[in-house]
Amino acid sequence: MKVIIIGAGDVGYDLGAMLSEEKHEVVILDRDREALKKCREIDVLTVEGNATSAQDLVRAGVPEADLVVAATNLDEVNMVVSLLSKRLGAPKVIARIRNDEFSHPSAPVKAADMGIDVMIHPEQSVAREIVQLVKRAAATDVVSLADGAMQIVGLRLDKQCPIVGKKLSEVTTPGSGVVFRIVAVYRGGFTLIPTGNDRLQANDHIFVVARTEAIGEVLKLAGRTDRPIRNIMITGGTTVGAMIARLLCADATDWKVKLIEPDYDTAESLASELRDLLVLHGNPTDPNLLVSEGITETDVFIAVTEDEESNIISCLMAKHLRVPKAVAMVSKSDYIPLSQTIGLDAAVNKKLAASNEIHRHVRKGSVLAVAALHGIKAEILEFRAKAGSKIVKAPLARIDIPKGCVVGGIIRNGHAEVPTGESAVMEGDRVIVFCLTGAIEKITPYFG
Amino acid sequence: MRISDRLRVTSVFHDLQVSSKEDAIRFLAGEIAKAEPGMEADRILRAVMERERIMSTGVGKGLAIPHGKVNGLNDSHVAFARLREPIEYGSIDGQPVNLVFMLVGPESQGSAHIRMLSRISRLMNNESFRSELLSCTSCESIVSRFQAEEQLLG
């Protein structure tokens with residue numbers, strides 16, 4: 001696949017690195033020579049040019065591209081890039097647009113009018129992910145699947161956990177009435193896709209898939225319950241911080257949300273916009289302020305300042321003060337294993353969120369969606385089962401599914417189910433598969 | 001990436017006597033500088049103190065993790081000290097500090113730095129491990145305790 005990325009910033013660079021590693025042909029255009037120089041470390045072609053010049057876009061190869069990604073820092077530039085690229089014949093255009101005006105159903109001008117097929121908004125993805133984590137306080141990770149009908153949650157098993165020492169087949173007995181599946185286990189630095197004979201161990205980080213309404217029951221089985229949340233503290237009124245505050249305030253619960261922001265104007269404008277939010281003008285990296293503002297009574301601590309190191313350190317402090325849940329935002333893709341190594345509940349990665357969104361549009365064929373799980377070497381793929389494909393031939397137990405893969409969900413006519421060995425996939429079903437990164441190529445042909 | 005692989009008997013101090021936060025950091029910066037020819041201890045001190053100014057790394061329970069990225073450094077270094085007398089550190093829980101783990105790394109290796117920082121954090125987050133460290137009577141036993149503890153992390 002030929003992909004032209006406009007903008008050699010963080011998103012462009014990370015996406016370029018990821019796609020070139022997967023052997024796609026990648027060209028990155030930017031007018032900043034220094035930024036391009038950095039891109040030469042990864043296996044991509046670089047073109048120095050102006051994003052809003054049709055001529056330069058032609059020079060970068062937009063007319064022959066399969067996909068154009070407009071990933072500059074400016075909405076306006078990305079819009080122009082999208083318009084021009086569509087005119088130049090690019091079949092698919094993805095643009096990073098921060099202004100959410102265009103996604104409203106009643107918007108007078110829609111994204112498609114500007115030649116944009118898919119809009120991505122990394123900050124919004126991160127904010128949503130963090131809010132999901134707040135709502136699912138017992139989990140370390142939450143990923144929504146099948147338009148929200150299913151969820152995958154990450155759980156860390158401590159010694160007291162009732163399922164430690166048990167075989168998977170004992171844990172997931174059909175008689176219990178709760179249907180779920182443990183699709184991945186992160187243990188001692190390795191990710192494994194377990195079978196029924198594997199035993200769970202203390203310190204395992206497990207990933208469980210179930211229908212969304214059953215997740216609460218799954219947590220109970222694992223000895224965890226979603227504890228009631230009252231106090232939430234957010235450090236940093238950054239784009240992400242403000243979005244989290246908005247989402248939390250819009251939720252009809254009696255959460256007390258406090259946000260600490262060092263810049264007076266930002267703090268004031270947030271305070272006047274969100275009346276349910278308590279905004280404090282102060283330094284979020286001042287431990288004394290965190291204490292005097294009640295970090296010890298906080299149920300969820302969310303560190304989303306621009307300074308990643310401070311986010312981590314303040315989350316550690318929160319953990320030491322026995323705050324039940326601490327979430328840090330980091331933004332370098334290498335930091336992904338953080339939530340595992342740090343013992344934090346979650347570290348949410350801004351750039352991974354963006355790349356995930358873009359990535360799913362790059363894979364061809366029957367793959368509908370792709371998401372990566374933070375810190376483990378497994379991916380969630382969503383396929384559409386084609387007529388006559390290998391996967392529809394027999395019940396799952398009789399199909400020789402490649403090692404390192406597990407079917408975690410079947411969605412038929414909008415209804416999602418966690419499959420058993422007797423379940424059979426039918427033509428047209430959407431199928432959710434978890435697999436180790438190396439096994440993706442092996443499972444894809446099963447779907448036609 | 002193992003922390004204990006970087007921890008040498010020569011960079012561990014089991015009974016360090018210092019009177020202040022800056023003293024402790026200056027001492028460990030000096031010891032780390034010895035491992036890199038041509039590196040000035042002062043530069044390490046400044047980078048670490050700058051980080052402390054942004055946010056105190058006294059994370060609570062008597063532990064501090066001073067750290068910094070230092071221009072001109074070739075490799076990451078760690079040093080650990082158990083203090084004879086606890087010192088005031090500006091910690092979040094107001095408690096004095098008696099365990100100091102310092103990490104410095106090259107400016108250019110930001111993500112490795114964060115990863116090591118998080119690994120140290122995870123190691124030190126274990127209460128029983130911290131109390132074991134407090135009862136160690138030699139640098140050798142501290143190093144081997146770290147090795148054993150990190151083995152459990154995988």
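**Entry 1: chain B as a whole**

I began with burial in chain B and found that buried residues make up 54% of its 154 residues. I note at once that I am reading a predicted model, and I keep that in mind for every value below.

Next I looked up the overall size of chain B. A compact globule of 154 residues would have a radius of gyration near 15 Å, and chain B has 14 Å, so the two agree. I also looked at the box filled by the C-alpha atoms of chain B, which is roughly 35 × 35 × 25 Å along the principal axes. For the accessible surface of chain B I wrote down about 6,400 Å², and carbon and sulfur atoms account for 46% of that surface.

Then I turned to the secondary structure of chain B, where I listed six helices and six strands.

**Entry 2: aromatic rings in chain B**

Which residues of chain B form one aromatic cluster? I found B:Phe80, B:Phe101, B:Phe129 and B:Phe146 in it. Before going through its pairs, I recorded the count over all chains, which comes to six aromatic pairs.

I looked at B:Phe80 and B:Phe146, whose rings are 5.2 Å apart centre to centre with 75° between the planes, an edge-to-face pair. B:Phe80 belongs to strand S5 (residues 77-87) of chain B and B:Phe146 to helix H6 (residues 139-153), so this pair ties together parts that are 66 residues apart in sequence. For burial, I noted that B:Phe80 has 0% relative accessibility and counts as buried, while B:Phe146 counts as buried at 1%.

B:Phe146 also pairs with B:Phe129: I noted ring centres 5.2 Å apart and planes at 85°, so this pair is edge-to-face. Since B:Phe129 lies in helix H5 (residues 127-135) of chain B and B:Phe146 in helix H6, the pair ties together parts that are 17 residues apart in sequence. I looked up B:Phe129 as well, and with a relative accessible area of 1% this residue is buried.

**Entry 3: nonpolar cores**

I then looked up the largest nonpolar core, which has 52 residues, and saw that A:Ile232, A:Ile234 and A:Ile244 touch the most other members. Helix H8 (residues 239-250) of chain A gives the most to this core, with seven residues. The core also draws at least three residues from each of domain 2 (130-221) and domain 3 (229-353) of chain A.

Which residues are in contact with A:Ile244, leaving aside neighbours within four places in sequence? I listed A:Ala127, A:Ile130, A:Val131, A:Ile234, A:Ile302 and A:Val304. A second, separate core has 42 residues, and I noted that it includes A:Leu316 and A:Met317 from chain A as well as B:Ile3 and B:Met116 from chain B.

**Entry 4: A:Gln151**

Last I looked up A:Gln151, which I found in strand S8 (residues 150-156) of chain A. Is A:Gln151 buried or exposed? Its relative accessible area is 9%, and residues under 20% count as buried, so A:Gln151 is buried. Not counting residues up to four places away in sequence, A:Gln151 touches several residues of chain A, among them A:Gln132, A:Arg136, A:Val142, A:Ser144, A:Val208, A:Thr212 and A:Ile215.

Methods. Residues numbered from 1 in each chain as written. Chains lettered and ligands numbered in written order. Predicted model: local features only at pLDDT ≥ 70, side-chain atom pairs only at ≥ 80, totals over all residues. Heavy atoms only, no water. Core = buried A, V, L, I, M, F, W, Y, C linked by side-chain atoms within 4.5 Å. Buried < 20%, exposed > 50% of the residue type's maximum accessible area, 1.4 Å probe, protein only. Helix = DSSP H or I, 4+ residues; strand = E, 2+ residues; numbered from the N terminus. Domains from an automatic or database assignment. Contact = heavy atoms within 4.5 Å. Rg over C-alpha atoms; globule rule 2.2 N^0.38 Å. Areas by Shrake-Rupley, 256 points an atom, 1.4 Å probe, with all protein chains shown as cover. Phe/Tyr/Trp six-rings, centres within 6.5 Å; stacked < 30°, edge-to-face > 60°.
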